[in-house]
Amino acid sequence: MSPQIVGPPAAPGAAAEPDRVPVAVPAAADGEVPAAAAGPAAGPAATPVAGAVASGTTAALPGLPQALSARARTLAGAVRRRCADLARMESPSGDAPRLDALAEELAAGFRATGAIARREPGPAGDHLVIEWQGRDESLPHLLVVGHHDTVWPAGTLADWPVTEQDGRLTGPGVVDMKGGLAVLEGALALLADLGERPHRTVRLVVVSDEEVGSPDGRSLVERQLRGAAAVLGLEPPHPDGRLKTARRGSTRVRLTVTGREAHAGNDAHDGVSAVDELVDQLVLVRGLAGQPGTELNAGRINGGSRANVVAGRAEAELGLRFSTVEAQRRTLDNLARLTALRPGARVRTEVLSSRPAWPERTGNPLLRHVRSLAAVLGQQVDGAPAGGAGDTNLPGSRGLPTLDGFGAVGAGAHARHEYIRLDQLAPRIALLAALLAVPLPRLRDRGEG
């Protein structure tokens with residue numbers, strides 16, 4: 001399949017590029033636009049570009065906002081096809097050959113928009129680091145995070161093919177997050193089509209293990225946080241299109257119990273049942289999860305060998321969600337202190353992956369900036385906290401300006417009705433292209449580093 005998203009040629013006699021907007025941008029000391037010039041916190045869906053909004057938010061757009069939106073509409077069909085093609089390349093977590101094939105396909109597509117792409121080896125599939133040169137290389141980079149693994153096992157397409165119907169594209173991984181990757185490729189293709197580059201360096205990290213907690217990809221994301229001006233996530237937004245302004249913490253824990261095997265009929269008194277011990281431990285754990293700010297899902301349990309053998313081993317994999325950093329720390333400390341209830345049994349807890357809680361940020365100048373951009377593009381965009389966790393938890397928990405949900409609008413992630421809304425592709429492409437093209441406002445106080 002072709003890796004490049006290409007829009008239709010301009011109409012005969014049309015200008016190759018739209019007219020520039022030659023409005024001076026009042027620059028801060030670090031080259032960023034002061035927050036006061038970023039426009040209103042929210043605005044109506046469509047207003048002419050004028051006054052303070054034009055002189056601040058839209059001054060550095062590569063063309064009139066109408067031109068961005070029009071170009072995005074011409075690219076929407078190619079992005080739709082790109083998303084479908086990516087979804088047809090199954091990429092379950094842990095399947096390195098399939099993930100590596102998709103990584104190479106993604107790298108080719110992003111290179112076609114002017115990026116430099118490299119693969120980073122991972123134990124369960126390669127990650128990607130992709131970079132676009134900005135117009136002002138002296139500015140801190142803008143970090144974008146995504147993933148190319150899905151929760152769907154290989155072979156899912158056999159009974160759930162990628163299908164387009166009633167304005168929706170459905171299929172395994174279309175919204176989480178093949179759609180987000182396709183939208184970003186479309187946004188960079190739009191800028192390249194206009195002969196433009198992002199305002200500052202844009203660095204994209206695509207990890208291969210996000211759906212299992214990014215046990216290896218986390219360190220790659222963390223290395224890119226140093227010096228980042230802000231972080232954007234390509235996860236899908238809320239179903240109504242709102243961006244994600246905070247996330248709960250998430251931890252996967254394996255609870256392993258070792259007992260002692262014995263004949264269940266003749267020598268049961270010599271055995272120590274790991275299954276019975278695990279059941280009792282799970283009752284205790286359920287009580288721990290009842291504390292404020294903590295939710296628990298016992299996602300997988302196994303153990304024992306035969307009905308006539310006292311079980312010598314059993315384990316459970318637990319998924320925990322936390323509203324606050326304090327709840328996360330308290331619950332994990334309690335789990336680490338679990339001890340066996342039966343003489344001869346042993347209990348061990350192991351953290352498989354963990355993401356810190358990302359709390360809501362008061363004021364949120366990055367969200368205000370995106371709202372202003374959306375307003376001049378004829379859109380309305382807002383934000384709200386999300387229940388799920390992702391790689392944006394890392395920068396968000398550390399106080400870096402962070403927003404997630406810039407992927408395709410849709411619903412049903414991890415479910416058989418997963419879909420994206422095709423009518424929302426063009427607005428997302430235009431919004432993301434504008435966000436990459438214009439200067440950022442000052443997002444942090446000078447004392448925040």
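In which handedness of crossing does helix 3 pass helix 4? In this predicted model, for which local features need a pLDDT of at least 70, side-chain atom pairs count only at pLDDT 80 or more, and totals for chains, interfaces and linings use all residues, the analysis rests on heavy atoms for side-chain values, with hydrogens and water left out. Residues are numbered from 1 along each chain as its sequence is written.

Helix 3 passes helix 4 in a right-handed crossing, where right-handed denotes that the near helix is turned clockwise from the far one by less than a right angle, and left-handed that it is turned anticlockwise. The contact (heavy atoms within 4.5 Å) is made by Leu102, Leu106, Gly109 and Phe110 of helix 3 and by Lys178, Leu181, Leu184 and Glu185 of helix 4. Two packed helices are described by the angle between their axes and the distance between the axes. The axes of helix 3 and helix 4 (residues 174-193) come within 10 Å and cross at roughly 20 degrees, the axes being lines fitted to C-alpha atoms, for helices over the stretch in contact, with angles running from 0 to 180 degrees between N-to-C directions. Helix 3 and helix 4 are therefore roughly parallel to each other, given that angles under 35 degrees count as roughly parallel, over 145 as roughly antiparallel, 65 to 115 as roughly perpendicular and the rest as oblique.

Helix 4 also packs against helix 2 (residues 65-87), with axes that come within 8 Å and cross at roughly 140 degrees, so that helix 2 and helix 4 are oblique to each other; this crossing, too, is right-handed. The residues of helix 2 that meet helix 4 include Leu68, Leu75, Val79 and Leu86, and those on the side of helix 4 include Val174, Leu181, Ala189 and Asp193.

In the protein as a whole there are ten helices and 16 strands, assigned as DSSP runs numbered from the N terminus (helices H or I, at least four residues; strands E, at least two). Of its 449 residues, 53% count as buried, a class defined by under 20% relative accessible area, with exposed over 50% and partly exposed in between (1.4 Å probe, protein chains only).

The structure holds two aromatic pairs, a pair being rings of Phe, Tyr and Trp (its six-membered ring) with centres within 6.5 Å, where planes under 30 degrees apart count as stacked, over 60 as edge-to-face and the rest as tilted. Phe110 and Trp132 are arranged edge-to-face, at 5.5 Å centre to centre and with 90 degrees between the planes. Because Phe110 lies in helix 3 (residues 96-111) and Trp132 in strand 2 (residues 127-132), this pair ties together parts that are 22 residues apart in sequence, and both Phe110 and Trp132 are buried. Trp152 and Trp160 likewise form an edge-to-face pair, at 5.0 Å centre to centre and 80 degrees between the planes; Trp152 counts as buried at 12% relative accessibility, as does Trp160 at 8%.

Gly233, placed in strand 7 (residues 230-233), is buried with a relative accessible area of 1%. Beyond residues up to four places away in sequence, Gly233 touches Val145, Thr392, Leu403, Asp404, Gly405, Phe406 and Gly407, while Gly233 and Asp391 are 158 residues apart in sequence and 7.8 Å apart in space, C-alpha to C-alpha. Thr324, by contrast, lies in the loop between strand 11 (313-322) and helix 7 (325-336) and is partly exposed, with a relative accessible area of 34%.
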